[in-house]
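Please examine the sequence and the three-dimensional structure shown below. The paragraphs that follow lead from single residues to the protein as a whole.

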Amino acid sequence: MMEFVISMMIRLRDYAKVVERSATHDQLTNCKNRRAMQWVYDTEFDKEQSMMVVMCDLNGLKKINDLQGHLEGDAVLKKTAYLINECFPRKAYRFGGDEFVLFIKNIEEGIDVKDLASRLLKKVEGLMAYPIGISIGVSIYGEDAHNLDELLLHADQALYASKHKGKGVCIVYGEDKSSHI
């Protein structure tokens, strides 16, 4: 009987790990998902820390889906997630569709957002077999926003402005100028 109980406990533990992973990770890209981002913000983020949200949106994925099919579009999303994680290990979250969010805590004083965006753009645009581009919007905790919802809203507004400027543009929320990469 004891063997049975121990066996069941091990199975339940393993199953709980699988359930937790599927609740916090995107199945297609293996990036963390929005729920994981909220959990990290609520449990691991010290409100005295500096933090920046970098929202990235792929340009051209719809055309790939329309011309090559959704399986090819999925492959592009997987490759993009891999490249983002290669640039910024364990910081990428799939926000939805073709949008990814980088949640960068403890940003250094005077960090060059253009440099971060440039590294990301070169990685993704340089290694893709398709004409994929990225638009980037950035929001900074404390300067632009005081909670996660505001950070995401402001990063999304900056992202929307960068999409209107064209491929390879990074806009920091609250700045009047855009940074063309």
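A residue is called buried under 20% relative accessible area, exposed over 50%, and partly exposed in between (1.4 Å probe, protein chains only). By this rule Arg 13 is partly exposed, because its relative accessibility is 45%. The model is a predicted one, in which local features need pLDDT of at least 70 and side-chain atom pairs count only at pLDDT 80 or more, while totals for chains, interfaces and linings use all residues. Residues are numbered from 1 along each chain as its sequence is written, and side-chain values use heavy atoms, with hydrogens and water left out.

Arg 13 takes part in a salt bridge with Asp 14, at 3.0 Å from N to O. Such a bridge is defined as a side-chain nitrogen of Lys or Arg within 4 Å of a carboxyl oxygen of Asp or Glu. Asp 14 is partly exposed as well, at 35% relative accessibility. The structure holds four salt bridges.

Another of these bridges joins Lys 163 and Asp 57, whose closest N and O atoms are 2.5 Å apart. This pair links distant parts of the chain, since Lys 163 belongs to helix α6 and Asp 57 to strand β1 (residues 51-59), 106 residues apart. Helices (H or I, at least four residues) and strands (E, at least two) are DSSP runs, numbered from the N terminus. From C-alpha to C-alpha, the two residues are 8.3 Å apart in space. Is each partner buried or exposed, or in between? Lys 163 is partly exposed because its relative accessible area is 34%, whereas Asp 57 counts as buried, at 5%. Apart from neighbours within four places in sequence, Lys 163 is in contact (heavy atoms within 4.5 Å) with Asp 57, Leu 58, Asn 59 and Ser 135.

The view can now widen to the whole protein. Its secondary structure comprises six helices and six strands, arranged along the sequence as α-α-β-α-α-β-β-α-β-α-β-β. The C-alpha atoms fill a box of roughly 70 × 45 × 20 Å along the principal axes. Of the 181 residues, 44% count as buried.
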